[in-house]
Amino acid sequence: MTPSSPPKGHEPNPALRVLYNWFFDAIQVDESWVREVRELSQRGRVVYVLRNLNPVDFLALDYLTKRYDLPQIRFVNDLRLGLLSPIPRNLLQAIATRHKATPAQELQDAVEHGSSAALFLKRPPTVLDVASGQSRGRGMREGDELIRTLIDLQHKSDRPVLLVPQVFLWTNRPDTHGAQWVDAFFGPREWPSPVRTIMQFLYNYKHVRLRAGEPLDLAQYLQEHTGTTDDNHVRRVIYVMLRRLERERRAVTGPAFTPPDRQRNQVLHSPKLQKVIAHMAGDKQEDRYTLTRKTMDMLKQMQATPDANTIKGLEVLLDRVFHRVYAGIDVDRAGIEAIREKSKESTIILLPSHKSHVDYLVLSYVFNYENLSLPMIAAGDNLSFFPLGPILRRAGGFFIRRQFGGDRLYSAAVEAYVRRLIRDGHTMELFLEGGRSRTGKLLKPRVGLLSMLVDAALAVPNREVVFVPISIGYERIVESSSYGKELLGGDKKKEDAAGLLKSTEVLRHRYGRINVQFGQHLTIKRMSDELGYADGALHSPPKRRAVVNRLANRSMDEINRVTAVTPGSLTALALLSDERRGTSHEELVLRCERLLSVLRSAGARITPRTVDGDTLREEAVYEAVQMFVEGEMLETHSPNEPVVDRDRDRERRVEPGSGCLYRVPERKRIELDVSKNILIHFVVERALVATAMLIPPGPNLPMDTLRQRVKEISGLFKYEFRFRADGNFDAIFDETIAAMVACGELERVAGDHIDTGPGHDEWTGQVWLRTYAAILRNFVEGYRIAARGLAALVKGPLSEKDWVKRTLGVGHRMYLSGEIERHEAVSRPLLENALQAFKEEGYLDLQDKKYSLTESWDSADAVRAIEGRIAGYLKASPE
């Protein structure tokens, strides 16, 4: 039966109105979904496609289409909702339709009159279906005839029918293998009863979300698939729709949960692991049994055991702690959506920077909030202590040794475990730096576990593995105080329960905002192509190592590239690049504005809280100053009062803001330096040029002389900074000079010379050069300290630990005597990097883990010459 007029719109009946307002308002809906459905409705006829027959799904979809004024649903597979049905029919219509109109006719009638429809593809098997064996343990087809109707309709019409997959995610818990007791009362996860759906919603209401898959244009599909029967079309369309629906669901829930003991057995039976066990055991069956038990114990100590209740508890706890300690989290939206899209087909390996123990929680917190599958996190076994270890393990952390020590069995077990995770499709999180950076700069990547991941990915060729570099940035790091003590020579304290309890001190302070930025996605194939390797070349171990190293270094470069400028890091950079002892609030804001212009020209991302449009927010600087003052990393003074000891006179602290003077306490400069160093890679090339330009007699240098000086200094800092890998030294040098000339910091003069330029942003070229050189000064002074410390090796070889300890004492004496200006130059990592650089320069030999001076430099005079060379970089020409 075909009515003569289109169905009319209506308002929900009273029962539905109460249900809608109470139950469905909390569903998260992407604006992109609303926009896309609206655009699709202008192109053609929209039909919403859902997987499994569920009345709550339909009622939620009906509510959302009304709420956002989208194409109204005038047909749905018979859900037998009775009074709750939002599709109005009077009694006569219901009786007439029941006897004269089939579901296919009703669907055609709704679509032809410009309305929409909701189409469920499957229904749960009935008792009779199960008894007769028709269900085969799966759902029964429900939408075949209705899809055929839509295909017939498309054959007769030029206006496309657009099938839009819809998934309601009432829970973000992964599926489980096998049935559970709750399934008997409330229906299985695949076919939840309305009661179970409501229970899932109440438990997970913050994360209930509507996800839309890729639409299918039936007109375009039929044009591309001519010459086949409608029966084949029906099967193909249903297959495509079911696959797109499952992709959306799995992007949130992740792979099905495997019980820990079953997963260990799966890992243990890995052919490669079994081969290692057999080779180590030889012909002795007894040894094979012992090695198998040993491997099982290793896996048990290593394995993550994600637990939904623990994750829910951590969600509540972290929500409160993060809001107490941090002002918020800024997340790269485009990066999140790119991961969401890629995770539908690929295994994701997250490669974040590592500056704090908080890093272990940030991405899981963000992914949980964004309804993405939570990552399995590779953590050092130093964090497996009670009670932190069991909590992290249940949150998805797996623990591996910091050093394998040549343990072949352990190495094989780790590789088999990560290969299992990749094969199952788990998102994984790996910190390439190995340990936390105490300086704010990225550490050299450690490629051991990454190499295993690459090998594991190559062993699963049918599933793409995507590596995502991530920058996790902090305005102030919670461990900054302990880092300061370690940098100055204090011993690193071992993580334990007592330290965990003491860490509650952080709850008394504020640490600004966290920002998370995602870099370009990298794949093994892309790295291989860049190296010019043909398909199959990675069977060669040297070429595989080359790909791993390239992947590691490209990932670190991407992390640097996407690191964002925050108010805290910008303010720290402005404070520590000022050669004066103190600065006024107004001058600090101006310095931040000028440095921000340089960072922007270098391509740095800027967090939304830092700027208003293209202009620096003065309130952002004020907030950063407040944060540093509260952390005792910055002093405030009145210009009309004498400087007082802030440790003894805290009550007289001046409120920051207009008219206030700021001073960085000498003992706190090294902590503030951590925030400054987060941005230093954006200006390091300019700082090297500035340092070289200011060496007496000063500017107006021949280009070749400047080039040679910069090359020498950058070579000295080879282990200190990550220089750009997208060009050789000459190309990067020429590009840096061109940029500095273009903005007026330098200018070319007659005879291929370089001189200071007129400047920009109300600073002369000379002021800009001194500012850049000041950013680098503590590093140069640190290397001068290291050079002075080489005198200890004239008396005989020393281990690195002993030499660093002695040289730190030398540095403290040099600072107190005024030979160096920057307190932060007395730094353990600076000395360790300098030692590597001196070995590279040919000053040192390393034998039996002890350093000694080479024959050419084994004298007090030679050591003084090394120090004199470095000290020459500090003798800036007068203004």
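How many aromatic pairs does a search of the whole structure find? In this predicted model, the search returns 18 aromatic pairs.

**Aromatic pairs and cluster**

- Phe 398 and Tyr 417 form an edge-to-face pair, with 5.3 Å centre to centre and 70 degrees between the planes.
- This pair links distant parts of the chain, 19 residues apart: Phe 398 belongs to strand β11 (residues 397–400), and Tyr 417 to helix α19 (residues 408–424).
- Phe 398 counts as buried because its relative accessibility is 1%, which falls under the 20% limit.
- Tyr 417, with a relative accessible area of 2%, is likewise buried.
- Phe 404 and Tyr 410 also form an edge-to-face pair, at 5.1 Å centre to centre and with 85 degrees between the planes.
- In this pair, Phe 404 counts as partly exposed at 23% relative accessibility, whereas Tyr 410 is buried, with a relative accessible area of 5%.
- One aromatic cluster is formed by Phe 717, Phe 721, Phe 723, Phe 779, Tyr 783, Phe 838, Tyr 843 and Trp 857.

**Nonpolar cores**

- In soluble globular proteins, nonpolar side chains tend to be buried together.
- The largest nonpolar core contains 96 residues, and Leu 706 and Phe 838 have the most contacts inside it.
- Helix α32 (residues 765–789) gives the most to this core, contributing 12 residues.
- A second, separate core has 54 residues, among them Leu 268, Leu 522, Ala 552 and Met 556.
- Leaving aside residues up to four places away in sequence, Leu 706 touches Val 689, Ala 692, Met 693, Leu 701, Phe 733, Ile 737 and Ile 754.

**Helix α29**

- Helix α29 (residues 684–693) is largely enclosed by the rest of the structure, because 10 of its 10 residues are buried.
- The buried residues of α29 include Glu 685, Arg 686 and Thr 691, as well as Val 689, Ala 692 and Met 693.

**Cavities**

- Across the whole structure, a search finds four cavities of 30 Å³ or more.
- The largest cavity holds about 170 Å³ of space.
- Its lining comprises 14 residues, of which Leu 314, Leu 318, Ser 364, Tyr 365 and Ala 395 lie nearest the centre.
- Helices α15 (308–325) and α17 (359–369) each supply at least two residues of this lining, and α17 provides the largest share, with five residues.
- By class, the lining of the largest cavity divides into 10 nonpolar residues, three polar and one charged.

Conventions
Residues numbered from 1 in each chain as written. Predicted model: local features only at pLDDT ≥ 70, side-chain atom pairs only at ≥ 80, totals over all residues. Heavy atoms only, no water. Core = buried A, V, L, I, M, F, W, Y, C linked by side-chain atoms within 4.5 Å. Buried < 20%, exposed > 50% of the residue type's maximum accessible area, 1.4 Å probe, protein only. Helix = DSSP H or I, 4+ residues; strand = E, 2+ residues; numbered from the N terminus. Contact = heavy atoms within 4.5 Å. 1 Å grid on protein atoms, 1.4 Å probe; cavity = no way out; pocket = protein on both sides within 12 Å on 5 of 7 lines; lining within 4 Å. Points joined across faces, edges and corners; volume = space filled by probe spheres on them. Nonpolar A, V, L, I, M, F, W, Y, C, P; charged D, E, K, R; others polar. Phe/Tyr/Trp six-rings, centres within 6.5 Å; stacked < 30°, edge-to-face > 60°.
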